[in-house]
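Thank you all for coming; I would like to take a few minutes to walk through some local features of a model. Please have a look at it first.

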Amino acid sequence: MTEVAVAGALLAGGRSTRFGSDKLQVRVPGSSERLAESSARALRESGCTPIAWLSPQPPCVASQGFEHLADPAEGPLGALALALMWAQTQNARHLLVVAGDLPLIRGQHLAYLKAVAASGAAHQAYCALGPDGSPEPLCAVYPTSWAGAAKLLFTQGRRAARALWL
């Protein structure tokens, strides 16, 4: 099997309990797209292949071209571990992860992260910074070799993706 430099994964498994309804179905202001559709488009535009859509239920129409991975919605770190293990089966060196609720992210942003990872060290992770300058662990590129660490942290009760960055 040929090595893939960077596979992609859209994390769309949150329960939206604080929001009160499925926030990924909310329309982006000034657009006809829903939040998840906007993130899916950006991930497609990044050029990652293959790409996966992680959610508890089969995804929406916007997921065409994505492989569906059933996410039990037990937190972002669990979804990230699942996505990293899937990327290993795809023979990917890195995995570009994007949350389904990032309406301002664009394909060119993700393509930049992908390019940096593809040209960098196989063991290095890269993440975007949010508007306040803090790391965005759900808009990041992870080495697939981190799958075991992600799974271990998750089984130890950690749920936040930030656990991999500490």
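This is a predicted model: local features need pLDDT of at least 70, side-chain atom pairs count only at pLDDT 80 or more; totals for chains, interfaces and linings use all residues.

Residues are numbered from 1 along each chain as its sequence is written, and side-chain values use heavy atoms, with hydrogens and water left out. When I speak of helices (H or I, at least four residues) and strands (E, at least two), I mean DSSP runs, numbered from the N terminus.

Let me begin with the backbone. Thr49 and Pro50 are joined by a cis peptide bond with omega at about -5 degrees, and Pro50 sits in the loop that runs between α1 (35-45) and β2 (51-55). In the loop between β3 (67-70) and α2 (76-89) we find Ala73, whose phi is positive, near 60 degrees, in a residue other than glycine. Asn91, which is not a glycine either, has a positive phi of about 65 degrees, and its place is the loop between α2 and β4 (92-99).

How buried or exposed are these residues, taking buried as under 20% relative accessible area, exposed as over 50% and partly exposed as in between, with a 1.4 Å probe and protein chains only? Ala73 is buried, at a relative accessible area of 11%, whereas Asn91 is partly exposed, at 27%.

Turning to helix α4, residues 147-155, the buried residues are Ala147, Ala150, Leu153 and Phe154. Viewed down the axis of α4, these buried residues fall within an arc of 135 degrees, so they line one face of the helix; the arc is that of the directions from the helix axis to the C-beta atoms. The buried residues of α4 pack against α2, where contact means heavy atoms within 4.5 Å. Just after α4, Gly157 takes a positive phi of about 100 degrees.

Finally, the charged side chains. If a salt bridge is a side-chain nitrogen of Lys or Arg within 4 Å of a carboxyl oxygen of Asp or Glu, the count comes to 1. The side chains of Arg41 and Glu45 form a salt bridge at 3.6 Å, N to O, and both residues lie in helix α1, 4 residues apart, about one turn of the helix. An α-helix has 3.6 residues a turn, so residues three or four places apart point the same way. Arg41 is partly exposed, with a relative accessible area of 25%, and Glu45 is partly exposed as well, at 46%.
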